[in-house]
Amino acid sequence: MAQCTAVIDIGSNSMRMAVFQKTSRFAFHILHEVKSSVRISENAYKNKGHLQNEAMERTAQAIGEFLSIAHSFDARKILCVATSALRDAPNASTFLSQIRAKHNLSIKVISGEKEAYFGGMACANLLPAISKAITVDVGGGSTEFTVLQNGKVEQLFSLNIGTVRIKELFFDRDDSAGAINYIDEMLKQLPNFEVNTLIGIGGTFRALSRSLMKKEEYPLKKLHAFTTDESSFLRFTNQILNASPKKLRSLFIKPDRFDTIKPGALILERILKHTQAKTLISSGVGVREGVFLSDLLRNAGDKFPSNYNPSVRYLLDTYSIHSDHAQQCAHLSKRLFELLQTSLEIDSKYKFELVIAAKLLSIGVGVRYYAHSRHSHYLAMSALDYALSHPQIALISHLLLFKKGNNASDLIPKGSYGSLLPDNATLDALSAILRLSHILLASRVNASTLTLSKDRDGVIVIEGKHLYLAREQLKNIILPKGLKISLNS
Ligand code: LMR
Ligand code: MG
């Protein structure tokens, strides 16, 4: 098996491990994830931060099992970080030496700023680019903030606000006024961010977003990069804050979060009030991805090369059989797009999605040649995750579907991701360009041997030596109205 890295994050509420596998220099995917709700900070807050024996024992047991999983994957590296609970604990060293002695594992207790950096850096690399945003990672003991600007982490903050901390210090005493007061006082330490976009990281934000998506019957089953607005989110946190346990269940909250989801909802509500961000983006990535990427990108300035997409590269590494053809198809699609964009009235931004779709056009062959367009569609829909918005993922994946004699807009599955796609005319035009490129390369010629031009009457003239099959296959696709093609050998 190719090299794997396991990353363990001992959060104050839950502990998680992800096993990452590289598929080429910078591309990777997750082979396994495991979570345990050990809650190492349990009863610590009432005891000046001292970790309690039971909580330490539970955590030690779970660590042992996590390590056995990591070893089963032959993980070459095991990186383990611990956050707020261990930072605070006067008896942290007892726990750390126990784990070292018993499991030969060194746990790195990271500072609040370092924790903020890992989360922010993961978002900067793995979410679609935003010119300015703040990331907020609500944990069990603390909350981390970063300011992201033009793809870089600019500022770091860590405050002792966390779901378990607020539960134990205030909610267990029915003191929600005290909780609000405590949170608001803490938030005064933050500067005025003046940002429109807030990125939510961590278990609490994910749990809330997941429930909101289910409640609103959101058409994509993807949490990472799910976007909503402040008012829908606040309406939802308000419902959570007033819900009975039965109601929490019907709002799709899992039982292991029943006692921390309300403190979590309150923390987020106060933060939103403080920041006044209007757009909220959920991040599926956080500290673990940050730790992994810091290692992967250590010689690249903690940044992927420009125009590099790790999800696209992962799909190509894993499924592409005919990668030269994919590359040729991408080149030709780009040239055709540039030639046709104005007459077909397509927004120039869609060149980006078109080129990715062209590269991924035949990945389905890696599953099975027959019905490969369906397989390509499914693979893209499922594995495109990073650095793409949901509308981009829906469009790229949809463009991979093809049925003879149908427009792309005829193939939109009912009750599904259709609302995320561009208008039908744009969709059909993009699909026609993609199919045209594919057909023009039917005899597997090099795209550079084809010349493209537009004659006086607006007919697209394509010249090349081997266009016999292309001429035949051209009948299988529907061209946008007004588009005339002439193939000259
Ligand atoms: C943490 O403390 O960061 C995590 O345990 C968060 C959570 O809610 O699971
Ligand atoms: Mg955390």
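This is a predicted model: local features need pLDDT of at least 70, side-chain atom pairs count only at pLDDT 80 or more; totals for chains, interfaces and linings use all residues.
In what order do the three strands of the open sheet with mixed pairing lie? Residues are numbered from 1 along each chain as its sequence is written, and side-chain values use heavy atoms, without hydrogens and water.

The order is β12-β13-β14, where strands (E, at least two residues) and helices (H or I, at least four) are DSSP runs numbered from the N terminus, and two strands pair if DSSP finds at least two bridges between them. The edge strands, each pairing on one side only, are β12 (451–454) and β14 (485–488). Neighbouring strands of the sheet are turned by 20° against each other on average, direction ignored. Strand β13 (residues 460–463) runs parallel to β14 and is joined to it by four bridges; Val461 stands opposite Ser486 in β14. Helix α13 (residues 323–340) packs on the sheet and touches β12 and β13, its direction making about 10° with that of β12. Contact means heavy atoms within 4.5 Å; axes are lines fitted to C-alpha atoms, for helices over the stretch in contact, with angles from 0 to 180 degrees between N-to-C directions.

The structure holds 14 aromatic pairs (rings of Phe, Tyr and Trp, the last by its six-membered ring, with centres within 6.5 Å; stacked under 30 degrees between planes, edge-to-face over 60, otherwise tilted). Phe26 and Phe304 pair edge-to-face, at 6.4 Å centre to centre and 85° between the planes. Phe26 lies in the loop between β2 (15–22) and β3 (28–36) and Phe304 in the loop between α11 (287–296) and α12 (310–319), so the pair ties together parts 278 residues apart in sequence. Phe26 is buried at 8% relative accessibility, and Phe304 is likewise buried, with a relative accessible area of 8% (buried, under 20%; exposed, over 50%; partly exposed in between; 1.4 Å probe, protein chains only). Ring pairs also link Phe20, Phe28, Phe292 and Tyr386 into a cluster.

Conventions: Chains are lettered from A and ligands numbered from 1 in the order in which they are written.
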